[in-house]
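Let us go through the contacts in this structure, one question at a time.

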Amino acid sequence: MQINKLQVEAIKSGSVIDHIPAHIGFKLLSLFRFTETEKRITIGLNLPSQKLGKKDIIKIENTFLSDDQINQLAVYAPCATVNYIEEYNLVGKTFPSLPKKIDRILICPNSNCASHNHFITSSFIFTKDINNEINLKCQYCEKEFAKNIVL
Amino acid sequence: MRNSLYKKNIISINDLNRNELELVLKKSAFLKEKAQPNLLKNKIIASCFFEASTRTRLSFETAVHRLGASIIGFSDGENISLGKKGETLADTISVISSYVDAIVIRHPQEGSARLAANFSNGIPIFNAGDGANQHPTQTLLDLFTIKETQTKLSNLNIAMVGDLKYGRTVHSLTQALAKYKNNQFFFISPDALTMPNYINDMLYKKEIYWKRYKNIEEIISEIDILYMTRVQKERLDSTEYANAKSKFVLQTSTLKNARNNLKILHPLPRIDEIDHDVDYTPYAWYFKQAANGIYARQAILSLVLIEKHF
């Protein structure tokens with residue numbers, strides 16, 4: 001018997017980021033600076049998930065994420081879905097796809113990269129190596145790093 | 001030929017496509033043949049060297065003078081008020097861009113030239129070396145010299161020797177020569193200083209032949225260009241360095257089976273990786289290569305600052 005009980009309180013209007021891999025929810029909150037808003041945010045951690053086993057979920061009231069923000073989520077949460085809610089009803093659903101570049105969020109591992117010391121935001125583009133593994137290339141120092149080194 | 005370099009920032013050799021490389025090479029040859037002392041008359045160029053690099057600075061400044069432009073600037077970031085007062089690079093570039101028509105920048109941090117371009121208000125930036133990253137005009141003068149000596153930039157066998165891990169000149173030159181057909185690369189370095197994977201991957205993706213060799217003798221009879229670089233003592237432990245010295249120092253005896261058209265290049269400064277006796281062989285071309293830097297820099301400066309050419 002399936003119990004149709006919400007694990008995290010419903011929101012009247014806003015965005016729900018669902019199917020975030022467990023333990024990634026907090027990371028997304030800080031990296032994407034969701035906590036810097038005055039909007040009400042509710043989060044659920046380690047919730048049961050048919051798809052992932054365990055998942056995190058973030059609900060942000062009265063905020064609708066841009067396509068760019070949604071796609072950047074794909075770096076950390078490739079299976080995430082973003083639901084748009086109005087008057088407690090689901091009015092839209094999108095799936096992040098890996099963007100061509102990711103700005104602002106990551107920090108270049110090269111300690112001598114100019115992006116560390118000045119009033120600029122980091123910028124990486126995605127590349128693939130010969131084994132089809134995803135790498136990230138810093139737009140400033142032009143160094144390429146394996147995804148796990150940067151994230 | 002359309003000048004797509006007009007008003008463009010010259011930050012990385014990767015930003016220039018094959019047509020743009022050809023344009024620079026053609027212009028370099030033209031300026032070497034026929035000086036154009038008034039080409040940039042009334043233009044003012046800033047030469048901002050936040051770290052010392054005497055050779056590159058003098059080469060750029062000579063190029064500017066030969067084109068009839070004026071130059072302002074500084075030669076060492078340590079001794080300027082901008083550095084001492086703690087002003088950011090962004091603010092410094094923003095201010096200088098309101099004084100001049102173009103800015104040549106040398107800076108120890110990687111990515112600083114691209115950062116500068118973000119704050120130059122449309123004034124073109126020329127990267128004269130940003131840390132271990134890019135030095136595009138060095139690559140342009142290398143290409144110009146190779147084309148001048150071999151009459152082509154394709155179907156060449158190029159050996160690169162020395163510090164291939166940290167040497168930005170060999171990375172950029174490999175990337176540039178990979179834009180041309182049927183070039184083959186022979187990499188010779190200590191195990192600790194091999195070519196980085198991203199360069200090897202790039203060659204693999206483009207289906208370009210490359211191979212590592214243990215010493216120069218193995219391939220001397222097959223190559224057209226021998227590009228020597230300095231192995232820095234501090235990069236290796238003492239045993240490795242002693243080993244590297246014996247294998248990677250070029251002597252006249254190493255050249256006995258060389259092709260007639262072989263040319264030896266080096267970005268300079270040379271320390272002890274090329275024996276001085278080699279200077280007197282017909283293969284030694286590194287000083288002529290350095291001299292070509294003037295023409296390559298004249299070419300790129302004039303192409304960026306003037307729309308119509310030829």
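Q: How many residue pairs are in polar contact between chain A and chain B?
A: A polar contact is a pair of N or O atoms within 3.5 Å; within protein, one must be able to donate a hydrogen and the other to accept it, and residues adjacent in sequence count only if both atoms are side-chain atoms. Both residues must be at pLDDT 80 or more. Between chain A and chain B the count is 10 residue pairs.

This is a predicted model, in which local features need pLDDT of at least 70, side-chain atom pairs count only at pLDDT 80 or more, and totals for chains, interfaces and linings use all residues. Residues are numbered from 1 along each chain as its sequence is written, chains are lettered from A and ligands numbered from 1 in the order in which they are written, and side-chain values use heavy atoms, with hydrogens and water left out.

Q: Which residue of chain A forms a salt bridge with B:Arg114?
A: A salt bridge is a side-chain nitrogen of Lys or Arg within 4 Å of a carboxyl oxygen of Asp or Glu. The rule finds 2 across the interface of chain A and chain B. In one of them, the closest N and O atoms are 3.4 Å apart, and the partner of B:Arg114 is A:Glu142.

Q: What area do chain A and chain B bury between them?
A: Contact means heavy atoms within 4.5 Å; 17 residues from chain A and 20 residues from chain B take part. Buried area is the accessible area (1.4 Å probe) that two parts lose on being put together, summed over both. Carbon and sulfur atoms hold 48% of it, and the total is about 1,600 Å².

Q: Which residues in domain 1 of chain B lose the most area to domain 2 of chain B?
A: The domain assignment (automatic or from a database) gives chain B domain 1 (13-134 + 293-305) and domain 2 (137-290). These two domains bury about 2,000 Å² between them, 58% of it on carbon and sulfur atoms. Three residues together make up 27% of what the domain 1 side buries: B:Ile13, B:Leu25 and B:Arg55.

Q: Which element gives the most residues to the side of domain 1 of chain B that touches domain 2 of chain B?
A: The count between these domains is 2 salt bridges, and B:Lys147 and B:Glu22 meet in a salt bridge at 3.6 Å, N to O. Elements giving two or more residues to this side include helix H2 (54-66) and strand S4 (125-130) of chain B; helices (H or I, at least four residues) and strands (E, at least two) are DSSP runs, numbered from the N terminus. With 8 residues, the element that gives the most is H1(B).
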